[in-house]
Amino acid sequence: MLWLSEKWRLWDQFAVRGAGFPASGVLRLAPEGLAAAADQFDGEVFDKQFDASAVETAVELQAIASTPGFRAAVEWQNSTIWRTGVESFLAWEPSVAGRTSKPRQREELVAQYWQRFCVKNDTIGFFGPVGWGRWDESVTGVRVEPGSGLVMASNVYFASWAVDAVARTISADPRSRNWVAPRRVPFVRISDGFAHLPSRAPQEIPPALLRVLGQCDGVRTAQAIQEDLGPGIDVAAALTDLVLRRWIVWRLDIPASAHPERRLRGWLESVGDTEFREHWLARLDELERGRDRVSVATPVGLPDELSALETEFTTLTGTAATRAKGTNTAPCRGLVYSDSVRAARARLGTDVLAELTPLDLLLTSATWLTSRLADAVLGHARRVHADLAAAGPVDLAAFWFACMPILHGSAVADAAALRQELSARWARILEVPEGARRVRLSSVDIADRVRDEFGEPSPGWGMARYLSPDVFVIPGDDGGLVLGELHIASNTLGASLFVNQHPARGELLAETAADFPGPRLLPMLPKEHRSRLSARIRYSLDRPEDYYVALVDHTVDPKRGRTALSADVRVEARGDRLVAALPDGAEFDVLDVFGHVLTTLAMDLFRIMPDADHSPRVTVDRLVVARESWSIPVGDLGFVSEKSEARRFVSGRRWRDSLGLPRFVFVVSPGEPRPFYVDFDAPVYVNIFAKAVRRLARQDPGGRVVITEMLPSPEQAWLTDDAGNRYTSELRFVAVHGG
């Protein structure tokens with residue numbers, strides 16, 4: 001085992017998150033000599049040079065967009081964008097006079113995708129393949145084994161919503177009903193002939209319905225229940241009645257999985273109606289063959305294969321093959337998505353581990369945050385439990401619903417206050433001088449201050465033992481390490497997108513067993529919800545010995561052991577603790593049930609620098625723990641309204657120089673869906689920045705954009721392929737609290 005300190009163990013393996021196009025790609029959009037000419041601005045001479053450079057950039061963007069790899073990447077992201085925007089751009093003949101509004105918009109569209117593919121360490125498809133690395137005592141520093149090509153394997157998966165649409169189509173076939181297993185709604189408790197639902201009076205269950213309800217376990221089919229109860233009870237009518245009372249679910253639901261089509265196939269193969277079974281298996285076969293054709297398609301052939309699959313799906317289900325943007329679900333909008341495994345492997349020497357020593361201090365403060373958040377939520381929850389317990393035993397379903405105002409109200413406020421308090425405590429530790437741009441400290445010198453501010457905290461709930469830091473490497477003798485995001489209370493390598501791209505899932509499970517030798521209680525989560533939950537990021541390192549508790553919906557295999565409905569779990573006080581007591585006698589801290597909600601609240605809270613107009617770069621030993629950043633009111637960015645592109649570029653560079661911003665930055669704007677890259681030497685990226693600021697100013701005149709130095713920069717990329725191309729990258733570690 002590899003220990004960062006006495007408290008923190010690091011997993012032996014880590015993920016290498018990197019872009020799928022070389023970092024040098026974005027530099028192609030910075031015309032040589034134009035930035036220097038802008039700084040020596042000479043009226044009409046510069047205007048002519050700018051116009052010529054703008055045409056050259058447009059030609060360069062067309063060259064980029066015409067490559068098969070770029071087209072394939074865009075097709076995977078949004079095939080409509082290709083047809084409505086990029087194809088028209090490629091058909092256009094660049095010229096000074098022809099650069100009207102619409103062609104410029106299309107230039108920016110291509111440039112936006114290009115920056116994402118070249119310098120954003122997303123993890124999706126071949127343009128963000130999952131890489132892996134290990135610690136290795138036999139090497140020094142960072143060692144890269146490029147492998148062969150960019151990716152060694154690619155996998156294409158059905159989106160869960162698409163397979164659910166197929167299941168709904170099958171359910172519409174009347175022959176399906178006998179073969180669907182009804183199940184009790186998780187928050188409905190049955191006791192002494194009454195149905196108990198949260199916040200409602202008990203309802204007496206008619207005897208005939210009670211007999212049927214007792215067999216609704218999600219495993220017995222309607223036909224099996226009918227055969228068991230005999231002809232004296234009309235099971236179909238009883239089930240229909242129970243559905244209307246909202247005590248059971250009687251529909252074909254596919255358990256959450258990276259391969260939902262396999263689950264659907266398994267159900268179809270169990271159906272006893274031969275004609276029905278063979279008909280729908282043939283339809284599923286057709287979809288899977290279409291998926292397989294997509295998975296082996298060349299970049300040139302990919303659009304046609306995706307289109308054919310979409311047509312087949314829509315013909316079968318009557319459902320649109322692409323979900324509308326803004327749907328209140330996870331971001332996967334297409335029928336299928338792709339994940340790839342990077343060919344390159346990384347190895348780190350223990351000298352790198354020594355450079356990570358300051359992480360111990362940061363992890364301590366993050367643990368303090370989870371501990372305080374847990375205390376706050378538990379304090380509220382104990383009062384809820386006391387009120388419910390005054391009327392008798394408390395089941396988890398009633399407790400969960402009664403706690404909703406806490407989890408979505410007071411806990412949100414508590415989390416926001418803790419984020420501010422965390423920064424305030426770090427401000428006292430760092431003692432940053434007024435106006436400083438670079439702060440260098442020693443971990444030895446501030447260790448006592450960290451201990452005074454944060455003590456020796458314990459994680460607030462079970463999964464809060466995990467912290468997942470992203471670390472950048474700056475190569476060379478003058479380099480070092482840079483902390484990116486620190487994901488709180490989450491083992492992000494347990495997400496399906498990582499687990500299913502690992503060559504040996506058992507190795508990750510072995511790491512998990514070392515972290516948790518005994519069983520865990522895991523809340524059963526919906527299949528997807530906004531950006532926080534989808535099949536790709538669902539936690540997938542559960543083990544047979546772990547328990548699941550279904551709170552509102554049931555999304556795992558009903559045949560899985562150690563699965564409890566929330567209505568069947570008691571919540572009991574044990575001194576200052578509240579425990580969830582399961583039907584088989586197992587007990588767990590009740591905060592483990594809230595674990596996903598608490599992690600969602602805490603995951604992105606880690607910021608050691610307080611909100612300020614300017615924050616310096618802070619380095620502890622050889623680890624940059626905070627990059628230099630600026631928070632700028634949109635009203636202070638007057639240059640963005642300049643009508644002339646040339647003058648806007650000149651003014652933007654002067655504004656940048658006035659603040660001392662570096663050439664390469666990332667910008668976060670409340671008006672944009674994700675951070676974006678800006679190169680102040682590249683007019684097209686200055687234009688994109690200006691447009692984002694104008695958009696925000698219209699939405700919120702008092703809004704601010706946050707600008708952070710890009711560190712490392714594109715020229716400092718170290719991750720290589722076998723052709724010598726260099727890619728931006730970051731290392732994602734898993735740290736586990738040993739207590």
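Helices (H or I, at least four residues) and strands (E, at least two) are DSSP runs that are numbered from the N terminus. The model on this tour is predicted, so local features need pLDDT of at least 70 and side-chain atom pairs count only at pLDDT 80 or more, while totals for chains, interfaces and linings use all residues. Residues are numbered from 1 along each chain as its sequence is written, and side-chain values use heavy atoms, with hydrogens and water left out.

**The whole chain**

Next, colour the chain by accessibility, where buried means under 20% relative accessible area, exposed means over 50%, and partly exposed lies in between (1.4 Å probe, protein chains only). On this scale, buried residues make up 55% of the 739 residues. If you display contacts (heavy atoms within 4.5 Å), then among those between residues at least 6 apart in sequence, 74% join residues at least 24 apart.

Select Arg562, which lies in the loop between strand 18 (547-550) and strand 19 (563-565). Its phi is near 55°, a positive value in a residue other than glycine, and Arg562 counts as partly exposed because its relative accessible area is 38%.

Then go to Glu431, in the loop between helix 14 (396-430) and strand 14 (438-441). Glu431 is not a glycine, although it has a positive phi of about 50°, and with 54% relative accessibility Glu431 counts as exposed.

**Second stop: Pro712**

Move on to the loop between strand 29 (704-709) and strand 30 (719-720), where Pro712 lies. The peptide bond that joins Leu711 and Pro712 is cis, with omega about 0°.

Select Leu598 in helix 18 (residues 595-602). Is Leu598 buried or exposed? Leu598 counts as buried, because its relative accessibility is 0%. When its neighbours within four places in sequence are left aside, Leu598 is in contact with Leu373, Val377, Trp461 and Leu591.

For another pair, select Glu56, which has its place in helix 2 (residues 43-65) and is exposed, with a relative accessible area of 52%. Glu310 stands 254 residues from Glu56 in sequence, and a line drawn from C-alpha to C-alpha spans 37 Å.

**Last stop: the cysteines**

Finally, select Cys118 and Cys216. Cys118 counts as buried because its relative accessibility is 0%, and Cys216, at 5% relative accessibility, also counts as buried. How many disulfides does the structure hold? With a disulfide taken as a pair of cysteine sulfur atoms within 2.5 Å, the structure holds zero.
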